Amino acid sequence: MVFTHDTEVALAAAAALVNTDQEHGDELADVAALDRFVERWGWTCTRRHDRRELDQVRALRPRLRRLWELDEDGVAEAVNQLLREGRALPQLVTHGEWGYHLHATPPDAPLAEWIAVEAAMAFVDVVRQGELDRLHVCGAGDCADVLVDLSKNRSRRYCSTSCANRVNVAAFRARRSGGGA
């Protein structure tokens, strides 16, 4: 394990949130889609289930995407800003199947604030451990999704199996057509 379990989950959730903003359409198009997203990640924060909450979460995505684009000093500055805005106050908590882990917002914090601070806390670990090179944009030329490479050998290049397969099939076809001419 590269990071603690809660850090790995928060990093994966941040990447998943960033990746909901797609060129072909917004995967958080309505409150119901946000509800499914929150449920998928098992978040236990307080919810309003309204359009304002959805808009706040959607507005967070470009701020989180920047964390994949900045150098170490830039990430540290952006993370500190998110923590200040969220009035982060780290505390040990336990709930559900999780053992003790950190939450840095009160349970009644707005969803977007809760997500921002959880992501920021995870990025604190990334910066402190000097692991920014684990943050990538998908290697498929037609995909701009972000990913966190948690593999032991740091070899993950694609956001999903479908992107990896698409690139590998295209490379195979190119080799085959070049070799048969």
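How many of the 14 residues of helix α1 are buried? The answer is 11 of the 14, so that α1 is mostly covered, where buried means under 20% relative accessible area, exposed means over 50% and partly exposed lies in between (1.4 Å probe, protein chains only). The structure is a predicted model, in which local features need pLDDT of at least 70 and side-chain atom pairs count only at pLDDT 80 or more, while totals for chains, interfaces and linings use all residues. Residues are numbered from 1 along each chain as its sequence is written, and side-chain values use heavy atoms, with hydrogens and water left out.

**The chain as a whole**

- The chain contains 6 helices and 6 strands; helices (H or I, at least four residues) and strands (E, at least two) are DSSP runs, numbered from the N terminus.
- Along the sequence, these elements follow the pattern α-β-β-α-α-α-β-β-α-β-β-α.
- The C-alpha trace spans about 65 × 35 × 35 Å along its principal axes.
- Of the 181 residues in the chain, 43% are buried.
- Among contacts (heavy atoms within 4.5 Å) with a separation of 6 or more, 51% are between residues 24 or more positions apart.

**Helix α1**

- Helix α1 covers residues 5–18 and reaches 20 Å from its first C-alpha to its last.
- This span is close to the 20 Å expected at 1.5 Å a residue, the expected span being 1.5 Å times one less than the number of residues.
- The buried residues of α1 include T7, V9, L11 and L17.
- Among the elements that cover the buried residues of α1 are α2 (31–41), α3 (51–66), β4 (98–103) and α5 (111–128).

**The largest cavity**

- Rolling a probe the size of a water molecule over the atoms shows where empty space is left.
- On a 1 Å grid over the protein atoms alone, a cavity is a set of points where a 1.4 Å probe fits but cannot get out, and lining residues have an atom within 4 Å of a point.
- A search of the whole structure finds 1 cavity of 30 Å³ or more.
- About 190 Å³ of space lies in the largest cavity, a volume being the space filled by probe spheres set on the grid points, which are joined across faces, edges and corners.
- The lining consists of 17 residues, and V9, W43, W98, W114 and E118 lie nearest the centre of the cavity.
- Helix α1 gives the most to this lining, with 5 residues.
- By class, the lining has 10 nonpolar, 5 polar and 2 charged residues; Ala, Val, Leu, Ile, Met, Phe, Trp, Tyr, Cys and Pro count as nonpolar, Asp, Glu, Lys and Arg as charged, and the others, Gly among them, as polar.

- T20 is found in the loop between α1 and β1 and counts as buried because its relative accessible area is 3%.
- A polar contact of 2.9 Å joins the side chains of T20 and R61; such a contact is a pair of N or O atoms within 3.5 Å, and within protein one must be able to donate a hydrogen and the other to accept it, with residues adjacent in sequence counting only if both atoms are side-chain atoms.
- D30 lies in the loop between β2 (25–26) and α2, and is partly exposed because its relative accessible area is 36%.
- The side chain of D30 reaches the backbone nitrogen of A33 at 2.8 Å.

Note on methods:
On a 1 Å grid over the protein atoms alone, a cavity is a set of points where a 1.4 Å probe fits but cannot get out, and a pocket is an open set with protein on both sides within 12 Å along at least five of seven lines; lining residues have an atom within 4 Å of a point.
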